[in-house]
Amino acid sequence: MAHFLDTNRKTDYLLPPSMDDWLPEGHLARFIVEVIDQLDLSLLVQQYAGRGHKAYHPATLLAILVYGYANGVFSSRKLEQATYDSVAFRYLAAGSHPDHDTLATFRRRFLGELQGLFVQVLELAQEMKLLKIGRVCLDGTKIHANASKHQALSHGHIEQMERHLQAEVQELFALAEQADQSGIPEGVNLPEEIQRREDRLAVMAIAKAKIAERAQVRYAKEKAQYDTQMARRAEQEALGQKPRGKAPQAPDPAPKAQDQINLTDEESRIMPVSGGGFEQTYNAQAAVDDQTMLVVATGVSQAPNDKEQVIPMLETLQAQTAQLGPIEALVSDTGYCSEKNVEACEALGITPFIAVAREEHHPDWRQRHTEPEDLPENATRMQAMIHRLKTQAGRSVYRLRKQTVEPVFGIIKSVMGFRQFSLRGLRQVQGEWSLVCLAWNIKRMAVLRL
């Protein structure tokens with residue numbers, strides 16, 4: 001006869017239980033508590049007025065959020081439930097149960113302070129001898145916005161729908177004025193039908209106005225570029241030189257038919273995604289240390305193209321120099337390549353390794369074992385970088401990109417499960433992306449210290 005262990009779920013503890021005994025020594029939740037206890041949270045604490053009921057300490061709420069993001073739990077309601085169901089969350093919350101509204105408000109309220117905490121964690125990694133910044137690899141990935149692309153309207157479609165709705169409103173008004181309304185289907189309430197269409201027209205008018213504002217911003221930028229190009233051509237003509245290429249076309253201040261706005265999150269954009277197709281997304285950027293795979297700088301853009309993201313990232317890295325030290329080299333793919341970006345790196349003393357074209361999947365074997373010809377003395381900065389990338393040393397540096405920043409994005413999306421922002425608006429998603437990368441860094445540090 002089989003012997004089984006007796007299961008008695010009503011047995012009382014003989015001694016008061018200790019939450020410290022609930023988790024093994026090397027558990028990630030313990031490490032998160034250790035890290036957060038060493039952070040300066042005074043900027044968060046000072047914003048509490050101290051009136052009314054006692055509030056949960058920011059360290060407790062931050063620990064819950066970081067562990068949640070590190071393990072694919074992003075919803076404030078699911079985080080609240082986890083403080084009841086999960087031993088690790090119970091440990092982080094010290095047996096308390098912050099409600100979902102408290103967690104959501106804390107996350108939304110302190111998104112602006114997360115960048116400072118992000119840098120503090122990197123400083124702690126340096127103190128632990130886990131990080132020594134030198135080369136960083138820059139890349140971007142599309143993260144879905146908290147909005148459906150089916151809620152997006154183009155300027156051309158809005159004008160078409162306006163004409164259709166206005167015609168329906170006039171038809172309904174005409175029916176309402178008729179003495180004999182026998183032709184109206186039973187159950188139709190004409191005032192409600194008219195009001196519904198007028199409300200829709202009001203929403204479309206607001207959307208058109210916002211699209212027009214964006215068009216003016218775009219026009220100002222394009223006009224400045226146009227004026228610069230025309231001035232350069234005028235200088236060349238004054239010197240008796242024939243300007244190269246076609247004359248630039250003057251920009252149009254009017255909105256384009258394909259200009260779009262999303263009614264749910266108007267700051268998100270429809271962008272092409274890998275694998276084909278278009279989605280309502282943001283372009284999330286990350287600069288990753290090539291030795292430790294720790295994210296050292298973050299950013300979020302509304303532009304699908306990465307070319308304009310180098311200078312903002314350099315500014316972020318430069319602002320962190322006092323705390324983390326200078327950057328020696330920047331590695332990125334061809335999407336970031338431009339002469340302006342190369343010059344911006346050189347001006348800061350950063351060696352650029354930016355691919356100028358896509359690499360062949362199967363290059364000739366001789367190419368991988370030969371050095372390029374010597375660089376001419378009068379070579380431009382772009383030519384010098386192209387020559388650098390063709391050298392054995394340059395190729396070995398550029399290869400680091402695929403084994404650093406791309407795996408980080410893969411782990412964040414596939415392992416941590418972060419594929420869509422929970423918040424809306426550019427400033428909000430910038431803070432949430434910093435929180436995601438903060439969670440990744442602490443999780444990565446827990447591995448590196450072993």
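Is Val-405 buried or exposed? In this predicted model, Val-405 is buried, with a relative accessible area of 0%, where buried denotes under 20% relative accessible area, exposed over 50% and partly exposed the range in between, for a 1.4 Å probe and protein chains only. The model is a prediction in which local features need pLDDT of at least 70 and side-chain atom pairs count only at pLDDT 80 or more, whereas totals for chains, interfaces and linings use all residues. Residues are numbered from 1 along each chain as its sequence is written, and side-chain values use heavy atoms, with hydrogens and water left out.

Val-405 belongs to helix H15, which covers residues 405–415; helices (H or I, at least four residues) and strands (E, at least two) are DSSP runs numbered from the N terminus. When residues up to four places away in sequence are not counted, Val-405 touches Cys-137, Asp-139, Ala-286 and Val-288, contact being defined by heavy atoms within 4.5 Å.

Helix H1 (residues 28–37) is largely enclosed by the rest of the structure, because 7 of its 10 residues are buried. The buried residues of H1 are Leu-28, Ala-29, Arg-30, Phe-31, Ile-32, Val-35 and Ile-36, and they pack against H3, helix H5 (87–92), helix H7 (114–127) and helix H16 (426–448).

The structure holds 1 cavity of 30 Å³ or more, and the largest cavity contains about 60 Å³ of space. Its lining consists of Leu-44, Leu-62, Leu-65, Phe-106, Arg-107, Phe-110, Leu-111, Leu-114 and Leu-435, with helix H3 (58–70) and helix H6 (100–109) each supplying at least two residues.

The second largest pocket holds about 870 Å³ of space. Among the 24 residues that line this pocket, Arg-214, Arg-218, Asp-259, Arg-269 and Gln-302 are the closest to its centre. Helix H9 (190–238), strand E3 (260–262) and strand E4 (269–272) each contribute at least two residues to the lining of the second largest pocket, the largest share, 8 residues, coming from H9.

Technical notes:
On a 1 Å grid over the protein atoms alone, a cavity is a set of points where a 1.4 Å probe fits but cannot get out, and a pocket is an open set with protein on both sides within 12 Å along at least five of seven lines; lining residues have an atom within 4 Å of a point. Grid points are joined across faces, edges and corners, and a volume is the space filled by probe spheres set on the points.
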